[in-house]
Amino acid sequence: MAELNLILLGPPGAGKGTQAARLREDFGLAYIGTGDLLREHKESKTELGQRAQEYMDNGDLVPDDLVISMIIDKIEEEGEDGFLLDGFPRTVGQADALTEELEKLGRRLTAALLVDAPDEVVLQRLSGRRQCSNGHLYHVEFDPPKHEDVCDQDGKPLFRRKDDEPDTIRKRLATYHKQTEPLRDYYEERGYLRRFDGTRDKTEVHDHIRATLATLRLEERL
Ligand code: AP5
Ligand code: MG
């Protein structure tokens, strides 16, 4: 069966991480979450993590040169049978780097999955988001854990991300509209863009993405 090489695009809080967790299970894809990788670097205080910290805490993008090599190396190391990129590319420079890398490897993208949601929905979701250190996601109102501030899946304490304060969320949204939204047209023009309404229920969004991927796979075999 043809490999799946997928990108998840969309504003902060649209549900990229939520859908990624489900798609990873469905298809056993190598998951490469740029935000998670950068947060791990921050935690372990690597040079990259220290350089990235200020940008992340301000709601800005980390410079392309730091992010591109980190992700391209991961694709080569872990993504040879297919990958799911969450949070990369986020600038036209990053998208060009990915296009070049895939050409070099003789591979092609399957689809760029845009999970979209308006700013007011994002603000509400991110203000109530909680997660554990393994990345399991909750929302205090829409998806609360069984026991307050404890992860249902592994019993770890839940925390709030530093960049989920209202002012930083607004900054991240502005960054998204300016630097990442142009990728919608980038992938639309190349025929890869598939859109999903991220305001729908999580399971509905997931079903819709799976149906789209099933159709794409069928078309590839025709
Ligand atoms: P990153 O970690 O990627 O954050 P983000 O893009 O801002 O997206 P989020 O993770 O906040 O949201 P999400 O879409 O994953 O939503 P989630 O599923 O959690 O990046 C962080 C930072 O790292 C960036 O700001 C930047 O500094 C840096 N960075 C990352 N990539 C970079 C790059 N390529 N270049 C440069 N810098 C980079 O859902 C949110 C909440 O909503 C949860 O509580 C969830 O339970 C709930 N929810 C989800 N779906 C639904 C639904 N359908 N209905 C109701 N609630 C829902
Ligand atoms: Mg995420």
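Arg39 pairs with Asp36 in a salt bridge, with 2.8 Å between the closest N and O atoms; a salt bridge here is a side-chain nitrogen of Lys or Arg within 4 Å of a carboxyl oxygen of Asp or Glu. Both residues, Arg39 and Asp36, belong to helix 2 (residues 34-43) and sit three residues apart, about one turn of the helix. Helices are DSSP runs of H or I with at least four residues, strands are runs of E with at least two, and both are numbered from the N terminus. Asp36 is partly exposed because its relative accessibility is 28%; buried means under 20% relative accessible area, exposed over 50%, and partly exposed in between, with a 1.4 Å probe and protein chains only.

This is a predicted model, in which local features need pLDDT of at least 70, side-chain atom pairs count only at pLDDT 80 or more, and totals for chains, interfaces and linings use all residues. Residues are numbered from 1 along each chain as its sequence is written, chains are lettered from A and ligands numbered from 1 in the order in which they are written, and side-chain values use heavy atoms, with hydrogens and water left out.

**Salt bridges**

Side chains of opposite charge can pair when their charged atoms come close. The structure holds 19 salt bridges, and three of them are set out below.

| Salt bridge | N to O distance |
|---|---|
| Arg39 and Asp36 | 2.8 Å |
| Arg172 and Asp164 | 2.8 Å |
| Glu188 and Arg195 | 2.9 Å |

Arg172 and Asp164 are both buried. These two residues also take part in a network of salt bridges that links Arg129, Arg161, Asp163, Asp164 and Arg172. In the pair of Glu188 and Arg195, Glu188 is partly exposed at 41% relative accessibility, and Arg195 is partly exposed at 47%.

**The annotated lid segment**

An unreviewed UniProt entry lists residues 129-163 as "domain: Adenylate kinase active site lid". UniProt positions are given in the numbering used here, feature names are shortened, and annotations may be inferred rather than shown by experiment.

Pro145 lies in the loop between strand 6 and helix 7. At 17% relative accessibility, Pro145 counts as buried. Leaving aside residues up to four places away in sequence, Pro145 touches Tyr138, Val150, Asp152 and Leu158, where contact means heavy atoms within 4.5 Å.

**Helix packing**

The axes of helix 5 (residues 92-105) and helix 8 (residues 182-189) come within 10 Å and cross at roughly 30°. Axes are lines fitted to C-alpha atoms, for helices over the stretch in contact, and angles run from 0 to 180 degrees between N-to-C directions. Helix 5 is therefore roughly parallel to helix 8; angles under 35 degrees count as roughly parallel, over 145 as roughly antiparallel, 65 to 115 as roughly perpendicular and the rest as oblique. Helix 5 contributes Val92, Ala95, Asp96, Leu98 and Thr99 to the contact, and helix 8 contributes Pro182, Leu183, Tyr186 and Tyr187. These residues divide into seven nonpolar, one polar and one charged. Ala, Val, Leu, Ile, Met, Phe, Trp, Tyr, Cys and Pro count as nonpolar, Asp, Glu, Lys and Arg as charged, and the others, Gly among them, as polar.

Helix 8 also packs with helix 7 (residues 166-180), at an angle of about 35° and with the axes 5 Å apart. The contact involves His177, Lys178, Gln179 and Thr180 of helix 7 and Pro182, Leu183 and Arg184 of helix 8. Two of these residues are nonpolar, three polar and two charged.

**Backbone features in loops**

Most residues other than glycine have a negative phi, and most peptide bonds are trans. Lys45, which is not a glycine, has a positive phi of about 55°. Lys45 is in the loop between helix 2 and helix 3 and counts as exposed at 59% relative accessibility. Asp149 also has a positive phi, near 60°. Asp149 lies in the loop between strand 6 (137-139) and helix 7 and is partly exposed, at 37% relative accessible area.

The peptide bond that joins Phe88 and Pro89 is cis, with omega about -5°. Pro89 is in the loop between strand 3 (83-86) and helix 5.
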